[in-house]
Amino acid sequence: MVIGGGFAGLSAVRELSVADVDVLLIDRHGFNTFQPLLYQVATGGLNPGDVTYALRAFTAKHKNASFRRATVIGLDLDAKQVVLDQGPPVEYDYLVVCCGVTANYFGIPGAQKYAHTIYTRRTAIESRDQMLSSIEEAAQDREGALEPVVVVVGGGATGVEMAGTVAELRNNSLPLTYPELDTKRVRVILVEMMDDVLRPFHPKLREYSAAALRKRGVELRLGTSVKEVHPDRVVIGDGEEIPCALVLWATGVAAHPQVTSWGLPQGRGGRVLTDPDQRVQGRPEVFAVGDLGVVDGDPVPQLAQPAIQGGAHVGKQIRRLLAGSGTQPFHYKDKGTMATIGLSDAVVQLPNGLRIKGLIAWLAWVVLHIVTLVGHRNRMATLINLSVRYLTWPRGVNLIHGEPKDTRSRERDAAAAEQAEEREQQRRADAG
């Protein structure tokens, strides 16, 4: 049984498709999401369907695989059963847990309530709608009171990609689509607690990326952190309050809260502790892989490639166990790291020390991400949409958005209700 239809889960199912076993894939969503391109959805470059693939369509390609859409609410490790939110528990002989991670808000007040993430299709769409709606409102605000400011928290690959793309929208597309808007009001601010962006990269690539962001007009607040998040502003380390319309949270990951109740040994960030062969410590029939699993003291990057390789490794180990052989330790083969900054600009760092930047790096980034997508239709649609976006840039940008969640009005209503309740309690106390 495989819990989670992400990179690791699909890789494990593929590897087990040639084994004499029945494979059940469980996920609370009915589709796989290609997370590295969600920022393109959040900025209007791709449609949600371009980066998602039906899990039933995936399992249908493998005769021994099936899919069930359900939420795992618990594990009975002794009985070897998975407890679901509907129906009876499901038994397993071997269990692969690879349900991914979620955002880590580090206990910062208001972050979980008001900040947006782009880890799922839904949150990417919500982020897009909130950002574009704030720009629409600002364009109609003749007095200039509204602040269409986007604050990106985190200087990793996701934060850099979001900040760079939003800045390019502001610089190139908004003057055409919103001629009545003073685009200088649309600020993009990236907050990073370290002194540079893209920390895993070589210092020269970090410097290049920071310079490329500044060239696009991104305001970098390095060496500081977010202290509070409010519906209409953030407070950073030195006490500065930044009015904003959208806070994008692109820093820190942690295991989903429900995983803590599954009885699996957990380490930092809630990640499940495993032995070198990726079997959960003390549970030889359970594997944890992808972003969720970690060998104590020897973590691998929480990226797509380690998840893909780890899922394939787990599938091979289960096949070895079924054949009566012992398991082998997992060794991650670093194939390089890359991040895009904007149109025709990216950085690539290969394990042999080769470093690439600019147009060539960006083309490599585009090709790799299209090839890695699940499904020929998705690859073709992404290729076409990205080509339209960039070859006809900026006139090819089609900014469409829905209705955002009005967190500001909800907050105002909640505050007003709380104040009314306090006044009523005071009135009663005075009357008593």
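The model is predicted, so local features need pLDDT of at least 70 and side-chain atom pairs count only at pLDDT 80 or more, while totals for chains, interfaces and linings use all residues. Residues are numbered from 1 along each chain as its sequence is written, and side-chain values use heavy atoms, with hydrogens and water left out.

**The chain overall**

- You'll find 11 helices and 24 strands here; helices (H or I, at least four residues) and strands (E, at least two) are DSSP runs, numbered from the N terminus.
- With a radius of gyration of 23 Å, close to the 22 Å that the globule rule gives for 432 residues, the chain is as compact as a globular protein of that length. That radius is taken over C-alpha atoms, and the rule is 2.2 Å times the number of residues to the power 0.38.
- Of the 432 residues, 49% count as buried (buried means under 20% relative accessible area, exposed over 50%, partly exposed in between, with a 1.4 Å probe and protein chains only).
- Take the contacts between residues at least 6 apart in sequence: 65% of them join residues at least 24 apart (contact means heavy atoms within 4.5 Å).

**Helix α7**

- Helix α7 covers residues 203–215, and at 1.5 Å a residue its 13 residues should span 18 Å, which agrees with end C-alpha atoms 18 Å apart. The expected span is 1.5 Å times one less than the number of residues.
- Which residues of α7 are buried? They are Leu205, Arg206, Ser209, Ala210, Ala212 and Leu213. They cover an arc of only 160 degrees around the axis, which puts them on the same side of α7; the arc is that of the directions from the helix axis to the C-beta atoms.
- Turned away from that buried side, the other face carries the exposed residues Lys204, Glu207 and Lys215.
- The cover over the buried residues includes α6 (157–177), β12 (188–192) and β13 (219–222).
- After α7 comes Gly217, with a positive phi near 95 degrees.

**The sheet and its helices**

- An open sheet of 3 strands runs in the order β22-β23-β24, with antiparallel pairing (two strands pair if DSSP finds at least two bridges between them).
- The edge strands, β22 and β24, each pair on one side only.
- β22 and β23 pair over 5 bridges, and Gly342 stands opposite Asp345 in β23.
- α7 lies across β22, β23 and β24, running at about 170 degrees to β23. Axes are lines fitted to C-alpha atoms, for helices over the stretch in contact, and angles run from 0 to 180 degrees between N-to-C directions.
- Helix α9 (residues 359–372) also packs on the sheet, and its direction makes about 100 degrees with that of β24.
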